[in-house]
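Dear colleague,

Please find below the structure that I am handing over to you. My notes on it follow directly after.

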Amino acid sequence: MTTLLYTHPACLEHDTSFGHPECPARLTAILNALRTAPFAALEWRDAPQATVEQLTRIHPRAYIERIFARVPRQGNFALDGDTILSPQSGEAALRAAGAVCAAVDAIVQGEASNAFCAIRPPGHHAEPNQAMGFCLFSNAAIGAAHARVAHGLARVAIIDFDVHHGNGTQAAVERDPGYLYISTHQAYIYPGTGRRGERGIGNIVNIPLLAGSGSADLRHVWRQEIEPALREFKPQLILISAGFDAHHMDPLAELNFNEEDYAWLTRRISAVAADFCAGQVVSILEGGYNLSALAASVAAHVKALMEAPARGHTP
């Protein structure tokens, strides 16, 4: 079965102001890479807008209304020093969350084995009542909640390999045993959360890595901690918060991953998905701020998704 790609032009129109690292050029670089011949088999789909019902599974209605009330008619509005709104930011955020819900629908209904959501703004720092860290809505958590409510899934796993801890995703799911959230991230950087002792109700696995950690460290924690926890959980769907800012060329952190690390990790996640949920994986773009490294890393990630086994095979 094919791999789906969800995106929308509105995600390019979210203007974060001159010099901001979370810029439209990130998505342009990714889409240009995915338009090349090796990705001809991708099925491109327009991301719909998320509904209020989908958003309110994670965010209170008052919070949603507050975000849209602050979207400017022109220019920019800063929610904080990092999180910037422009006139098209509201639609972009709805398309980003909507992409994930639509991808979940398609994958759970058997239209494809897996999907990649090439969207912005990212989501894993957005807490239920607070936008932060470039993020407005908690895209991965919204998708996970949609899988549980709309499709009746009892166990949804979220694996986050962005270099920053997904504090928003953790806050959204840490009190519900139907979710498993696993995060690898660099220790002692933004947002300051993600310590090993943060375990929710036993459904949170945080693995902070020291600056300078690279391929060997990633693969060690996968084998020793991530894969055992994931297999014990027996997920019915796996979502990936796919941030690529742990790449050694990225300017915002100091981990030393490379494109092959992302391909390897994608293959390992897909192997677990094949064993437990017919290979069903939805991947969601988060960070990554060196344009060439981001494009190459996403290409490696999506290629691994396209080559993933559907069920019952571990490479």
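**Helix packing**

Helix 4 and helix 5 cross in a right-handed manner. Please note that the model is a predicted one. The angle between helix 4 and helix 5 (residues 139-151) is about 40°, and their axes are 9 Å apart. Helix 4 is therefore oblique to helix 5. On the side of helix 4, the contact involves Ala-96, Ala-97, Val-100, Cys-101, Val-104, Asp-105 and Val-108, which meet Asn-139, Ile-142, Gly-143, His-146, Ala-147 and His-151 of helix 5. Sorted by class, the residues of this contact are eight nonpolar, four polar and one charged.

A second pair is formed by helix 8 (residues 259-276) and helix 9 (residues 291-306), which pack at about 25° with their axes 8 Å apart. Because angles under 35 degrees count as roughly parallel, helix 8 and helix 9 are roughly parallel to each other. Helix 8 also passes helix 9 in a right-handed crossing. Helix 8 contributes Glu-259, Tyr-262, Ala-263, Thr-266, Arg-267 and Ser-270 to the contact, and helix 9 contributes Ala-296, Ser-297, Ala-300, His-301, Ala-304 and Leu-305. The contact of helix 8 with helix 9 comprises six nonpolar, four polar and two charged residues.

**Buried positions**

In helix 1 (residues 24-34), the buried residues are Arg-26, Leu-27, Ala-29, Ile-30, Leu-31, Ala-33 and Leu-34. Their cover includes strand 1 (3-7), strand 2 (43-46), strand 5 (114-117), strand 10 (281-285) and helix 9.

Gly-90 is located in helix 4 (residues 89-108) and counts as buried at 6% relative accessibility. Beyond its neighbours within four places in sequence, Gly-90 is in contact with Phe-68 and Val-71. Between Gly-90 and Pro-72 there are 9.6 Å from C-alpha to C-alpha, with the two residues 18 apart in sequence.

Glu-174 belongs to the loop between helix 6 (167-173) and strand 7 (179-186). Glu-174 is buried, its relative accessible area being 18%. Residues up to four places away in sequence aside, Glu-174 touches Gly-200, Ile-201, Asn-203 and Ile-204.

**Cysteines**

How many disulfides does the model contain? The count comes to zero. For a disulfide, the two cysteine sulfur atoms must lie within 2.5 Å. The cysteine sulfur closest to that of Cys-23 is in Cys-11, at 14 Å, and is therefore too far for a bond. Cys-135 is likewise in no disulfide, the nearest cysteine sulfur being that of Cys-11, 13 Å away. Cys-135 is buried, with a relative accessible area of 1%.

**Backbone features in the loops**

Arg-120 and Pro-121 are joined by a cis peptide bond with omega of about 5°, and Pro-121 lies in the loop between strand 5 and helix 5. A cis peptide bond also joins Tyr-190 and Pro-191, with omega of about 5°. Pro-191 is in the loop between strand 7 and strand 8 (204-209).

The loop between strand 7 and strand 8 also holds Tyr-188, a residue with a positive phi of about 70° although it is not a glycine. Is Tyr-188 buried or exposed? Tyr-188 is exposed, with a relative accessible area of 78%. Ser-17, in the loop between strand 1 and helix 1, has a phi near 90°, a positive value in a residue other than glycine. Ser-17 is partly exposed, at 28% relative accessible area.

With kind regards

Methods. Residues are numbered from 1 along each chain as its sequence is written. This is a predicted model: local features need pLDDT of at least 70, side-chain atom pairs count only at pLDDT 80 or more; totals for chains, interfaces and linings use all residues. Side-chain values use heavy atoms; hydrogens and water are left out. Axes are lines fitted to C-alpha atoms, for helices over the stretch in contact, and angles run from 0 to 180 degrees between N-to-C directions. Helices (H or I, at least four residues) and strands (E, at least two) are DSSP runs, numbered from the N terminus. Angles under 35 degrees count as roughly parallel, over 145 as roughly antiparallel, 65 to 115 as roughly perpendicular and the rest as oblique. A crossing is left-handed if the near helix is turned anticlockwise from the far one by less than a right angle, and right-handed if clockwise. Contact means heavy atoms within 4.5 Å. Ala, Val, Leu, Ile, Met, Phe, Trp, Tyr, Cys and Pro count as nonpolar, Asp, Glu, Lys and Arg as charged, and the others, Gly among them, as polar. Buried means under 20% relative accessible area, exposed over 50%, partly exposed in between (1.4 Å probe, protein chains only).
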